[in-house]
Amino acid sequence: MTKQTDLINRLARNELVDMVPYQSARRLFASGDDSAANNIWLNANEAPGAGDYSVEASCINRYPDFQPDSLINGYSNYSALPPSQILATRGADEGIELVIKAFCRAYQDNILICPPTYGMYGISAQAQGVGIIEVPLVNNLLNVEEIAKQKGQAKVLFLCSPGNPTGNLLPKAQLLQVLEIFKNDAIVVVDEAYIEFSPTDSMQGIIDEYDNLVVLRTLSKAFALAGLRCGFTLANETIITMLSKVIAPYPISAPVAEIASQALNDAGVARMQSQVAITNTLRNEFSDWLEKQAWCVRVFDSSANFILFECTEKDEIFNALKEQNILIRDQSKQQQLANCLRISIGSEKELTLVKTLLEQAFNQPLTQRAPAQTNV
Ligand SMILES: Cc1ncc(COP(=O)(O)O)c(C=O)c1O
């Protein structure tokens, strides 16, 4: 260990020294270098194709408003919630961080998560010295009985619907049960990053009924703006005021607010909705195709823009695609997901290419195939 490492490790919070950061899709495969230019990105649940936006940003020498009116009004129109129940953040990821920051005391409180689930809940808690209680999903549904036993222990619950990486919606009845059980004891966060793919199942309509409900949203998925880093936390005014105390002073940069406001105007929302319809059709077709493949053991139901599937030759399939610069996501390290891969629903052309490649490589008996590389 060098003198520098020794010093920094000694000064840093102890639990960060060995902490593994979130392995985001772009940390695993960066998009910046030349070799990545031709990649087909099906590993981060982004939307294919970007919209056409113009940025004036004429007042870039000035700080932006704390919560720019055009942006909050845009989301208010889109969501039919009053501006006082909306907080714009640097992606839904910042919403996760803020809820933990506002409600959990370091080294005392816990969040509750239901794995397999989105990794940032746990990472954000760890980074803030907050404990993590795990109550695993059972058949991709909540184990409400076990969750209820954590009353008094968990301060914030993170429930993901549609779930990442599982893809299914959590039944509204289960979410209501949990909200009811914890109504005087804990904040219940319903992460709706993918809700545009199944909009009628949102929980935002009951924000006024449950004082402990927080809904997370993002422009990264259906709105095709992952590069923008813009999300929204929806909750009653008291929660929004509390979160506003721990957010950065100027959380949304002026160009981000400008582009996001354009995406939320009537034309932007209509464009998003028509792309969602295309994606949902492609997802259902791809799911039917997967079901028919000899190597596919199980296809998970999806109400989002990705599909999780279990297969017999997980590494071979992952690597066969990677060799052709097609990147999907290996989920096999998550509990309950041995041999599972997740593929984002890209464009029709991208998915046709995936199907053709896999049909060529894998639809002949094992003995006749060229040896595949192992996953490193
Ligand atoms: C379930 C879920 N929540 C939140 C996020 C973070 O979204 P954002 O890009 O808005 O930070 C993601 C991103 O993949 C996600 O899958």
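**Ligand site and buried residues in a predicted model**

Colleagues, I begin at the ligand: one of its oxygen atoms lies 2.7 Å from a side-chain N or O atom of Arg-229. Polar contact here denotes a pair of N or O atoms within 3.5 Å; within protein, one atom must be able to donate a hydrogen and the other to accept it, and residues adjacent in sequence count only if both atoms are side-chain atoms. A polar side-chain atom of Lys-221 is 2.8 Å from a ligand oxygen, and a polar backbone atom of Asp-93 is 3.0 Å from an oxygen atom of the ligand. Taken on its own, the ligand has 400 Å² of accessible area, of which the protein covers 93%. Those areas follow the Shrake-Rupley method with a 1.4 Å probe, and for residues only the protein chains shown count as cover.

Please bear in mind that this is a predicted model: local features need pLDDT of at least 70, side-chain atom pairs count only at pLDDT 80 or more, and totals for chains, interfaces and linings use all residues. Residues are numbered from 1 along each chain as its sequence is written, and side-chain values use heavy atoms, with hydrogens and water left out.

How many residues surround the ligand? There are 13, and the closest are Ala-92, Asp-191, Tyr-194, Thr-218 and Ser-220; a residue is near the ligand if one of its heavy atoms lies within 4 Å of it. Helix 5 (residues 91–103) supplies the largest share of this shell, three residues. Helices (H or I, at least four residues) and strands (E, at least two) are DSSP runs, numbered from the N terminus. The ligand sits in the second largest pocket. A pocket is an open set of points on a 1 Å grid over the protein atoms alone, with protein on both sides within 12 Å along at least five of seven lines, and a molecule sits in it if more than half of its atoms lie within 2 Å of its grid points.

Thr-218 deserves a separate remark. Its place is strand 7 (residues 213–218), and Thr-218 counts as buried because its relative accessibility is 5%. Buried means under 20% relative accessible area, exposed over 50%, and partly exposed in between (1.4 Å probe, protein chains only). A polar atom of the Thr-218 side chain is 2.9 Å from the backbone nitrogen of Ser-220. Beyond four places in sequence, Thr-218 is in contact with Ala-92, Ala-193, Phe-223, Cys-230 and Gly-231, contact meaning heavy atoms within 4.5 Å.

Ser-303 comes next, in the loop between strand 9 (296–299) and strand 10 (306–311). Ser-303 is classed as buried because its relative accessible area is 18%. Among the residues that Ser-303 touches, beyond four places in sequence, are Pro-162, Tyr-194 and Arg-283.

Pro-162 itself belongs to the loop between strand 5 and helix 8, and the peptide bond joining Ser-161 and Pro-162 is cis, with omega about -5°. A further cis peptide bond runs from Asn-164 to Pro-165, with omega near 15°. Is Pro-165 buried or exposed? Pro-165 is buried, with a relative accessible area of 1%, and is located in the loop between strand 5 (154–160) and helix 8 (172–181). Leaving aside neighbours within four places, its contacts include Pro-116, Phe-306, Leu-308, Gln-331 and Arg-342. Pro-165 and Leu-341 are 176 residues apart along the chain, with their C-alpha atoms separated by 9.2 Å.

Ile-317 lies in helix 12 (residues 314–323) and counts as buried because its relative accessibility is 0%.

I turn to helix 10 (residues 254–263), whose buried residues are Val-256, Ala-257, Ile-259, Ala-260, Ser-261 and Ala-263. Their cover includes helix 4 (69–79) and helix 11 (266–291).

Finally, the backbone torsions. Ala-80, in the loop between helix 4 and strand 2 (86–89), has a positive phi of about 60° although it is not a glycine. Ala-80 counts as exposed because its relative accessibility is 67%. Asn-339 also has a positive phi, near 65°, and sits in the loop between strand 12 (329–330) and strand 13 (340–344). With a relative accessible area of 36%, Asn-339 is partly exposed.

Terms used. 1 Å grid on protein atoms, 1.4 Å probe; cavity = no way out; pocket = protein on both sides within 12 Å on 5 of 7 lines; lining within 4 Å.
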